[in-house]
Amino acid sequence: MFATTPLRIVAVSAGLSQPSSTRLLADRLAAATRERLTAEQDRADRDVEVRVIELRDLAVDIANHLVSGFPSAGLREAIDAVTEADGLIAVTPVFTASYSGLFKSFFDLIDHTALTGKPVVIAATGGTARHSLVLEHALRPLFAYLRAVTVPTSVYAASEDWGSAGDEYTEGLPSRIRRAGGELASAVLGRTVSGASRALGLDDGEDAVVPFEQQLADLRLD
């Protein structure tokens, strides 16, 4: 029997301004993931639902929960959406060479086992490319602690990256967004670029290890 439940992609944006480059990056990553999920489903009967959670709208609720231990209805619903998503996109602005306090405070409220095995794209925005390593020294360890599975490609967008096509040595921002979205989509569908991949049959049958070369072909990283 074919599955009919939608695939749920949730993007968490910790941008503070409006409009926000952090929200824009979250939207573009979500759109790239939706496009690849729609194109690559083996069975095209599953819709793709995308939701973006703006933490700026929940800032007071997050602070109250930290001191009281009781979430508001809106915050509880946002936490449930994150923990129940099939794939997660987490985007923060860089403050003092790390993720923002608002971003960290929200994920502090999530049980450390609630994201176990969940595919995640990590991304950040900043004024200069010098802070791009925040993805590796701050965000990736955070989601490793939460037992999530971060996809290989992380996306950092400095001010000069918007509208840039890159050069012969560096991919432009649109290419990195497409690649990260493709990796998240493949992870949601059970195909990853590292480790064993589970091949689902009609009876949800045997596990299969997909060769690395085939995994790269599945992602179409060209």
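Guide: Here are a few spots, each with its value set against its definition. This is a predicted model, where local features need pLDDT of at least 70, side-chain atom pairs count only at pLDDT 80 or more, and totals for chains, interfaces and linings use all residues. Residues are numbered from 1 along each chain as its sequence is written, and side-chain values use heavy atoms, with hydrogens and water left out.

Visitor: What makes helix 4 and helix 5 roughly parallel?

Guide: The axes of helix 4 (residues 101–108) and helix 5 (residues 134–145) cross at roughly 5° and come within 12 Å. Angles under 35 degrees count as roughly parallel, over 145 as roughly antiparallel, 65 to 115 as roughly perpendicular and the rest as oblique, so helix 4 and helix 5 are called roughly parallel.

Visitor: Which residues make the contact?

Guide: On helix 4 they are F103, K104 and F107, and on helix 5 they are L139, L142 and F143. Contact here means heavy atoms within 4.5 Å. Five of these residues are nonpolar, none is polar and one is charged; Phe and Leu are among those that count as nonpolar, Lys among the charged.

Visitor: Why is the pair of F107 and F143 called edge-to-face?

Guide: Rings of Phe, Tyr and Trp (its six-membered ring) pair if their centres lie within 6.5 Å; planes under 30 degrees apart count as stacked, over 60 as edge-to-face and the rest as tilted. The centres of F107 and F143 are 5.1 Å apart and their planes are at 75°, so edge-to-face it is. F107 sits in helix 4 and F143 in helix 5, so this pair ties together parts 36 residues apart in sequence.

Visitor: And what is the pair of F103 and F107 called?

Guide: That aromatic pair is tilted, with 4.9 Å centre to centre and 50° between the planes. Ring pairs link Y99, F103, F106, F107 and F143 into a cluster.

Visitor: How do you know whether F107 and F143 are buried or exposed?

Guide: Buried means under 20% relative accessible area, exposed over 50%, partly exposed in between (1.4 Å probe, protein chains only). F107 has 2% relative accessibility, so F107 counts as buried. F143 is buried too, with a relative accessible area of 0%.

Visitor: What about T96?

Guide: T96 has 80% relative accessibility, so T96 counts as exposed. T96 lies in the loop between strand 3 (87–95) and strand 4 (98–99). A97 is in that loop between strand 3 and strand 4 as well, and is partly exposed, with a relative accessible area of 35%.

Definitions and conventions
Axes are lines fitted to C-alpha atoms, for helices over the stretch in contact, and angles run from 0 to 180 degrees between N-to-C directions. Helices (H or I, at least four residues) and strands (E, at least two) are DSSP runs, numbered from the N terminus.
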